[in-house]
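Please open the model in a viewer and keep the selection tool at hand. The stops below proceed from one selection to the next.

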Amino acid sequence: MTTSVPSTPDSAISDMSVNGFHDGVEKLSINGNGHTNGNGHAAGETQRRKTNRKQSNAMMPAFMVSAPGKVIVFGEHAVVHGKAAIAASISLRSYLLVTTLSKSRRTVSLRFPDIDLAHTWNIDELPWDIFQHPSKKKSYYDLVTTLDPDLLAALQPHLAEISPHKSEDLRKIHQNSARSFLYLFCSLGSQKFPGCLYTLRSTIPIGAGLGSSASIAVCESAALLLQLRTLSGPHPDQPPEEARLQVERINRWAFVAEMCMHGNPSGVDNTVATQGKAVVFQRTDYGKPPSVRPLWDFPELPLLLVDTKQPKSTAFEVAKVAKLRDTHPKLVGSLLESIDRVTRSANELIDDDDFDSEELESLRKVGELMSINHGLLVSLGVSHPRLERVRELVDHEGLGWTKLTGAGGGGCSITLMRPDVSREKWDRLEQRLDAEGYSKFETILGGDGVGVLWPAVLKNGMDEDEEGGMEIDLENFLNAPGNDGVEKLVGVHSGGAEREGWKFWRVESH
Ligand SMILES: Nc1ncnc2c1ncn2[C@@H]1O[C@H](COP(=O)(O)OP(=O)(O)OP(=O)(O)O)[C@@H](O)[C@H]1O
Ligand SMILES: C[C@@](O)(CCO)CC(=O)[O-]
């Protein structure tokens with residue numbers, strides 16, 4: 001099964017309206033080699049008869065999108081205030097299964113079991129009149145850099161009805177997730193949108209500083225733009241320029257979802273989750289797109305990622321730094337300036353031809369910059385005793401260099417590991433961390449960004465049909481046991497290699 005996402009040449013969709021399915025575009029369908037066929041329909045039908053798969057909708061098979069989490073290696077918080085940050089994607093990911101319902105079912109549902117959220121809205125009751133008003137209407141290619149208070153207010157009654165019997169804290173989390181989704185759904189969709197079910201599972205710990213919310217924002221944005229047929233690709237022979245444009249659109253709308261979640265995000269998290277790999281990111285003017293410089297040759301740094309299991313809120317930590325800056329503008333301004341210098345020094349160091357990620361002296365220099373960055377974040381008030389404890393344990397044994405990553409206030413730390421430390425010492429650290437309720441992750445930095453599995457069919461080496469593929473069944477997806485179960489069932493990687501079926505926009509030109 002080699003089917004992939006239908007491609008619509010960019011020129012053909014550039015004047016398409018997002019609000020409502022475009023007649024011509026709705027006829028697109030999929031043929032065997034992943035390309036849209038001119039008359040669309042006939043080849044799609046033939047393909048379906050041949051594979052004899054059950055289709056949830058004549059035009060739209062169930063499909064899946066996935067996006068990674070991230071670590072910020074340098075520059076968190078300062079990046080909110082216009083400074084540079086270096087961030088890299090990690091191998092933990094979110095997976096969103098999109099199932100189109102039969103024509104008679106006019107509902108849109110979220111099933112987010114990781115946070116125990118299940119909610120259904122009637123599509124016809126959503127506030128289309130406000131979202132579709134000419135003064136509010138947005139196109140899929142627009143750059144939206146602020147949220148519209150009228151649109152947020154129009155969503156409020158549809159959020160108020162969510163999870164009435166859950167605790168107040170959990171309801172807030174549910175409402176936050178639902179607000180992000182509905183804002184995108186109502187901005188990009190229309191009353192004509194087909195009934196759909198969005199089922200999400202993520203292997204990224206929530207609220208741990210690893211960009212869980214951004215990865216979901218990217219999945220939602222990509223899913224909706226794909227449903228609108230406004231994305232061409234991903235397909236293997238797509239020119240990098242075209243792929244870049246698609247990725248940019250996904251990222252723009254993911255940023256809108258992040259704004260719903262956080263209030264004042266810099267956009268670094270959603271950018272890495274969309275693009276993958278590693279980037280130097282800077283947003284000096286919030287009215288314009290950020291500057292994003294990919295670091296294609298980002299070194300494989302030996303990092304230990306530790307989760308304090310201390311919940312935190314990014315919105316809260318970001319607001320705390322803003323308040324400190326208002327109170328002490330000069331002092332905090334110079335701390336942010338210093339973080340910027342640390343980030344730029346790290347960038348120069350890593351870019352240098354002499355940098356060797358297997359050599360102690362190179363690692364020491366990066367490590368020292370990480371320690372300085374952490375110290376500055378402590379001064380900004382965003383560390384936490386549980387984070388300081390990790391640093392203390394690592395420093396005491398001389399194991400490496402530690403900093404918090406992401407928003408802080410809990411969440412995760414990263415330690416650049418010295419290569420000359422004995423196994424016994426690492427074992428001792430692991431036992432200590434274990435005993436004190438920390439968990440550690442092993443992750444590879446710099447993997448793929450947003451990916452698509454279209455249709456949701458995979459070769460898993462189990463339960464395969466005569467075509468050698470298996471449709472991802474909703475119940476199997478929901479019931480896959482833990483992170484390992486999700487990875488085994490749908491993961492973009494199987495045994496380290498990229499899994500056949502998943503496709504990624506390739507933006508590199510070299
Ligand atoms: N698996 C998930 N299912 C549903 N919603 C989720 C999931 N993961 C994250 N979220 C949403 O994202 C919110 C967490 O966002 P938050 O920014 O506080 O943490 P983070 O993105 O993990 O960390 P950081 O922004 O510091 O990298 C949750 O409260 C929830 O609304
Ligand atoms: C704390 C912060 O800099 C990183 C969160 O991962 C916030 C942001 O950039 O939006």
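What percentages of helix and strand does the chain have over residues 188–273, and how many Å apart are the end C-alpha atoms? Select that span in this predicted model. Over residues 188–273 the chain is 53% helix and 8% strand, and its end C-alpha atoms are 20 Å apart. An unreviewed UniProt entry places the feature "domain: GHMP kinase N-terminal" at these residues.

Next, select residues 361–429. For this span, UniProt (unreviewed entry) gives the feature "domain: GHMP kinase C-terminal". The span is 57% helix and 17% strand, with 23 Å between its end C-alpha atoms.

**The two domains**

Colour the protein chain by its domain assignment, which gives domain 1 (10–282) and domain 2 (299–441). Between them, 22 residues of domain 1 are in contact with 28 residues of domain 2. On the domain 1 side, strand 1 (63–74) and strand 2 (85–100) are the elements that give two or more residues to the touching side. Strand 1 gives the most, with 3 residues. By residue class, this side of domain 1 divides into 12 nonpolar, 8 polar and 2 charged residues.

**Ligand 1**

Select ligand 1 and display the residues around it. There are 26 of them, of which Asp 114, Ser 212, Ser 213, Thr 314 and Gly 406 come nearest. Why does ligand 1 lie between the two domains? Domain 1 and domain 2 both give residues to its shell, so the ligand is placed between them.

Now highlight the elements that contribute to this shell. At least two residues each are supplied by helix 6 (168–188), strand 5 (196–202), helix 7 (212–227) and helix 8. Helix 7 provides the largest share, 4 residues. The shell around ligand 1 comprises 11 nonpolar, 13 polar and 2 charged residues.

**Ligand 2**

Move to ligand 2. Of the 15 residues around it, Glu 76, Pro 265, Ser 266, Gly 406 and Ala 407 come nearest. Helix 9 and helix 10 (314–327) each contribute at least two residues to the shell. The shell divides into 7 nonpolar, 6 polar and 2 charged residues. Ligand 2 lies between domain 1 and domain 2, because both domains give residues to its shell.

**Helix 8 against helix 9**

Select helix 8 (residues 240–262) together with helix 9 (residues 268–275). Their axes are 9 Å apart, and the helices pack at an angle of about 145°. The crossing of helix 8 past helix 9 is right-handed. To inspect the contact, show Val 247, Ile 250, Asn 251, Ala 254, Phe 255 and Glu 258 on helix 8. On helix 9, the partners are Asp 269, Asn 270, Thr 271, Thr 274 and Gln 275. The residues of this contact divide into 4 nonpolar, 5 polar and 2 charged.

**Two backbone details**

Most residues other than glycine have a negative phi, and most peptide bonds are trans. The last two stops concern backbone geometry.

First, centre the view on Ser 163, in the loop between helix 5 (149–160) and helix 6. Ser 163 is not a glycine, yet it has a positive phi of about 45°.

Then turn to Pro 455, in the loop between strand 12 (451–453) and strand 13 (457–458). Is the peptide bond that joins Trp 454 and Pro 455 cis or trans? The bond is cis, with an omega of about -10°.

Key: Residues numbered from 1 in each chain as written. Chains lettered and ligands numbered in written order. Predicted model: local features only at pLDDT ≥ 70, side-chain atom pairs only at ≥ 80, totals over all residues. Domains from an automatic or database assignment. Contact = placed C-beta atoms within 7 Å. Nonpolar A, V, L, I, M, F, W, Y, C, P; charged D, E, K, R; others polar. UniProt positions renumbered as here; feature names shortened; annotations may be inferred. Axes fitted to C-alpha atoms, helices over the stretch in contact; angles between N-to-C directions. Left-handed = near helix turned anticlockwise from the far one by under 90°. Near = placed C-beta within 6 Å.
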